[in-house]
Amino acid sequence: KKQDILWLDPKSNFMAKWDMLTVLLLIYTATVTPYEVGFLRVRVDGLFFINRLVDLLFLMDMGFNFILPFCDSFGNLVTDCALIRRNYLKGWFFPDL
């Protein structure tokens, strides 16, 4: 079988920073969206484009999850791309949508 090499190291500095960014994006979404929906009119302005950027970053995060290894029930890092994809599709994919 061909060796799978396209995956992100879950313990890398990049992933640590990416995870922090996604936490900040979640906080932004949880605080700004209710205010926006409750008090603001829909307009194409700066906030509109910031929200589209947030959407794009969340979409990128979903893409990253298709190539991000995970630990199995024995604590082993699973790096097989097909298993990673299957695990994400069976787990967090639909909640992430």
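**Exercise 1. Arginine 52 and its partner**

Determine whether arginine 52 is buried, partly exposed or exposed in this predicted model, and which side chain meets that of arginine 52 in a salt bridge.

*Solution.* 
Step 1. The relative accessible area of arginine 52 is 37%. Buried requires under 20% and exposed over 50%, so arginine 52 is partly exposed.
Step 2. The side chain of arginine 52 meets that of aspartate 55 in a salt bridge, at 3.0 Å from N to O.
Step 3. Aspartate 55 is likewise partly exposed, at 38% relative accessibility.
Step 4. Both residues lie in helix 2, three residues apart, so about one helical turn separates them.
Step 5. In general, side chains of opposite charge can pair when their charged atoms come close.

**Exercise 2. The salt bridge of aspartate 45**

State how many salt bridges the structure holds, and which residue forms one with aspartate 45.

*Solution.* 
Step 1. The structure holds two salt bridges.
Step 2. Aspartate 45 forms a salt bridge with arginine 43, and their closest N and O atoms are 3.4 Å apart.
Step 3. Aspartate 45 has 26% relative accessibility and counts as partly exposed, whereas arginine 43, at 54%, counts as exposed.

**Exercise 3. The faces of helix 2**

*Solution.* 
Step 1. Helix 2 comprises 20 residues, 46–65, and spans 29 Å from first to last C-alpha, close to the expected 28 Å.

**Exercise 4. The buried side of helix 3**

Identify the buried residues of helix 3 and list elements that cover them.

*Solution.* 
Step 1. Cys81, Ile84 and Tyr88 are the buried residues of helix 3.
Step 2. Their arc around the axis is only 60°, which places them on the same side of helix 3.
Step 3. Their cover includes helix 2, strand 1 (70–71), strand 2 (77–78) and helix 4.

**Exercise 5. A nonpolar surface patch**

Name the residues of the nonpolar patch on the surface and describe the exposure of valine 23.

*Solution.* 
Step 1. The patch is formed by Met20, Val23, Leu24 and Ile27, with about 380 Å² of accessible area together.
Step 2. Valine 23 belongs to helix 1 and is partly exposed, with a relative accessible area of 40%.

Methods:
Residues are numbered from 1 along each chain as its sequence is written. This is a predicted model: local features need pLDDT of at least 70, side-chain atom pairs count only at pLDDT 80 or more; totals for chains, interfaces and linings use all residues. Side-chain values use heavy atoms; hydrogens and water are left out. Helices (H or I, at least four residues) and strands (E, at least two) are DSSP runs, numbered from the N terminus. The expected span of a helix is 1.5 Å times one less than its number of residues. Patches are made of residues with over 30% relative accessible area and no salt bridge: like charges are joined within 9 Å, nonpolar side chains (Val, Leu, Ile, Met, Phe, Trp, Tyr) within 5 Å. Accessible areas come from the Shrake-Rupley method with a 1.4 Å probe; for residues, only the protein chains shown count as cover. A salt bridge is a side-chain nitrogen of Lys or Arg within 4 Å of a carboxyl oxygen of Asp or Glu. Buried means under 20% relative accessible area, exposed over 50%, partly exposed in between (1.4 Å probe, protein chains only). The arc is that of the directions from the helix axis to the C-beta atoms. Contact means heavy atoms within 4.5 Å.
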